[in-house]
Amino acid sequence: MCTLEKSGNIFYLTLTGDDEHRLNPTLITTIRSFVAEVKSQAVKGSVLITKAQGRFFSNGFDLKYAQAAGSAQAAKDRLHNMVALFKPLVADFLSLPIPTIAAVTGHAAAAGLLLAIIHDYVTMRSDKGVVYMSELDIGMTLPDYFTAMIRSKVGSSASRRNLVLKATKMKAEEAVVMGIVDSAHPTAEEAVVAAVRLAEELGKKCWNGKVYAELRKSLVPEVCGVLGLKHTAVLPSRL
């Protein structure tokens, strides 16, 4: 399902196995518990990298789990529940007092793409894998916090249109041009290496975690409003 490991000042959250890493209640809850563990153990210089095994980073919400509920209404209820459960996970990431990096080592679609872009930085493999918002193709609207995050993280209106209103499946190089991904790398392994290199650079800064988290939140005020996250001013201990 997923694991959390620590090496030096870097935490590694890994989606394990060779499946699609679909975000069902069990996986969402497990990720939240690990993020809480990271928050409790983080010190100055800590960094979190999220990566995945197999062909997928994450293929979004677990629609098979929803459909297994039986009736159409029960399936919709399960999907609404996953949307509701995922929302505080987004808040958890935005509130972490350390830098975060997603190494997108495979396809990242729908909620799986949102999982990537709630990180501060995104590296991605260019040999295989796409980023993709599938909602238009499967016939559903975006939750309000998805829309707010996309508006905050995807730079231009043209890029947002191509991502959401054309449901374009973008490879890494195109995603870099559109501002969705920070850097493209030839293989999954090299995407992780780039994430580790960046984590090491950021970790050397040893920033104040409270200040880092509050500055991050200040950059995405619309998202924070939807999530109910408050901004708190932090002043230097000595002037």
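# Briefing: cores, charges and surface of a predicted model

Of the 60 residues that make up the largest nonpolar core, Ile31, Phe61, Phe86 and Ile180 touch the most other members. Helix H3 gives the most to this core, with nine residues, while a second, separate core of twelve residues includes Ile10, Val47, Val192 and Ala195. The structure is a predicted model, and by the salt-bridge rule applied to it the count comes to seven salt bridges.

**Interior packing**

- Phenylalanine 61, one of the core residues that touch the most other members, is in contact with Arg22, Leu23, Ile28, Leu79, Met82, Val83, Phe86, Ala111, Tyr145 and Phe146, when residues up to four places away in sequence are not counted.
- Helix H6, which spans residues 144–153, has Tyr145, Phe146, Ala148, Met149 and Ile150 as its buried residues.
- These buried residues of H6 pack against helix H3 (72–95), helix H4 (111–117), helix H5 (135–138), helix H7 (157–165) and helix H11 (221–227).

- Which side chain of opposite charge is nearest to glutamate 135? It is arginine 22, at 9.1 Å, and glutamate 135 is buried yet has no salt bridge; a salt bridge would call for a side-chain nitrogen of Lys or Arg within 4 Å of a carboxyl oxygen.
- Glutamate 135 is found in helix H5, and, with its neighbours within four places in sequence left aside, it is in contact with Ala110, Met140, Thr141, Leu142 and Phe146.

**Salt bridges**

- Glutamate 222 forms a salt bridge with arginine 151, and the closest N and O atoms of the pair are 2.1 Å apart. Because glutamate 222 lies in helix H11 and arginine 151 in helix H6, the pair ties together parts that are 71 residues apart in sequence.
- Glutamate 222 is partly exposed, with a relative accessible area of 31%, and arginine 151 also counts as partly exposed, at 45% relative accessibility. Besides Arg151, glutamate 222 is in contact with Ala148, leaving aside its neighbours within four places in sequence.
- The C-alpha atoms of glutamate 222 and valine 122, which are 100 residues apart along the chain, are separated by 21 Å.
- Arginine 125 forms a salt bridge with aspartate 127, with the closest N and O atoms 2.7 Å apart. Arginine 125 counts as buried at 12% relative accessibility, whereas aspartate 127 counts as partly exposed at 35%.
- Lysine 210 forms a salt bridge with glutamate 214, the closest N and O atoms being 3.4 Å apart. Being four residues apart in helix H10, lysine 210 and glutamate 214 are separated by about one helical turn. An α-helix has 3.6 residues a turn, so residues three or four places apart point the same way.
- Lysine 210 counts as partly exposed at 43% relative accessibility, while glutamate 214 is buried, with a relative accessible area of 4%. Salt bridges that share partners join Lys210, Glu214 and Lys217 into one network.

**Backbone with positive phi**

- Histidine 21, although not a glycine, has a positive phi of about 50°. Histidine 21 is found in the loop between strand S2 (10–15) and helix H1 (25–41), and is buried, with a relative accessible area of 3%.
- Cysteine 206 likewise has a positive phi of about 50° without being a glycine. Cysteine 206 is found in the loop between helix H9 (188–203) and H10, and is partly exposed, with a relative accessible area of 40%.

**Surface**

- Val211, Leu215 and Val234 make a nonpolar surface patch of about 210 Å². Valine 211 lies in helix H10, residues 209–219, and is partly exposed, with a relative accessible area of 31%.
- Glutamate 174 has its place in helix H8, residues 172–177, and counts as partly exposed at 33% relative accessibility. The C-alpha atoms of glutamate 174 and serine 159, 15 residues apart along the chain, are separated by 10.0 Å.

Terms used. Residues numbered from 1 in each chain as written. Predicted model: local features only at pLDDT ≥ 70, side-chain atom pairs only at ≥ 80, totals over all residues. Heavy atoms only, no water. Patch = residues over 30% accessible without salt bridge, like charges linked within 9 Å, V, L, I, M, F, W, Y side chains within 5 Å. Areas by Shrake-Rupley, 256 points an atom, 1.4 Å probe, with all protein chains shown as cover. Helix = DSSP H or I, 4+ residues; strand = E, 2+ residues; numbered from the N terminus. Buried < 20%, exposed > 50% of the residue type's maximum accessible area, 1.4 Å probe, protein only. Contact = heavy atoms within 4.5 Å. Core = buried A, V, L, I, M, F, W, Y, C linked by side-chain atoms within 4.5 Å. Lys, Arg positive; Asp, Glu negative; His and termini not counted.
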